[in-house]
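The sequence and the structure are shown first.

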Amino acid sequence: MISYKPFQKLLIDREIKKQDLLKITGISSATMAKLNTNEYVSLEVIDKLCVALGCQPGDLLEHITEQ
């Protein structure tokens, strides 16, 4: 399973509001909701977030082995 918990932590650490990130990246609020619930988002979304946040994909997500 893919978790976007590192993405949530990054926003908190940098004090970035989700609404501000939506404006910067142009992603939709529906896509942000998917990130909040660990649902699939495209690599295009991950790319936009990496550009806006100046980070790598590994800074946004982690793989969790399901048991």
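1. For the angle discussed here, an axis is a line fitted to C-alpha atoms, for helices over the stretch in contact, and angles run from 0 to 180 degrees between N-to-C directions. Please note that this is a predicted model.

2. Helix α2 covers residues 18-25 and helix α4 covers residues 43-53; their axes come within 10 Å and cross at roughly 105°. Angles of 65 to 115 degrees count as roughly perpendicular, and therefore α2 is described as roughly perpendicular to α4.

3. Which residues of α2 and α4 meet? On the α2 side they are L21, I24 and T25, and on the α4 side K48, L49, A52 and L53. In this contact of α2 with α4, five residues are nonpolar, one is polar and one is charged.

4. How many disulfides does the structure hold? The number is zero. A disulfide requires two cysteine sulfur atoms within 2.5 Å. For C50, the nearest cysteine sulfur is that of C55, 4.3 Å away, and C50 is in no disulfide. For C55, in turn, the nearest cysteine sulfur is that of C50, and C55 is likewise in no disulfide.

5. Are C50 and C55 buried or exposed? C50 has 9% relative accessibility and counts as buried. C55 has a relative accessible area of 10% and is also buried. The cut-off for buried is under 20%.

6. E44 lies in helix α4. With a relative accessible area of 52%, E44 is exposed, because exposed means over 50%. Between E44 and I2 there are 42 residues of separation in sequence and 16 Å in space, C-alpha to C-alpha.

Methods: Residues are numbered from 1 along each chain as its sequence is written. This is a predicted model: local features need pLDDT of at least 70, side-chain atom pairs count only at pLDDT 80 or more; totals for chains, interfaces and linings use all residues. Side-chain values use heavy atoms; hydrogens and water are left out. Helices (H or I, at least four residues) and strands (E, at least two) are DSSP runs, numbered from the N terminus. Angles under 35 degrees count as roughly parallel, over 145 as roughly antiparallel, 65 to 115 as roughly perpendicular and the rest as oblique. Contact means heavy atoms within 4.5 Å. Ala, Val, Leu, Ile, Met, Phe, Trp, Tyr, Cys and Pro count as nonpolar, Asp, Glu, Lys and Arg as charged, and the others, Gly among them, as polar. Buried means under 20% relative accessible area, exposed over 50%, partly exposed in between (1.4 Å probe, protein chains only).
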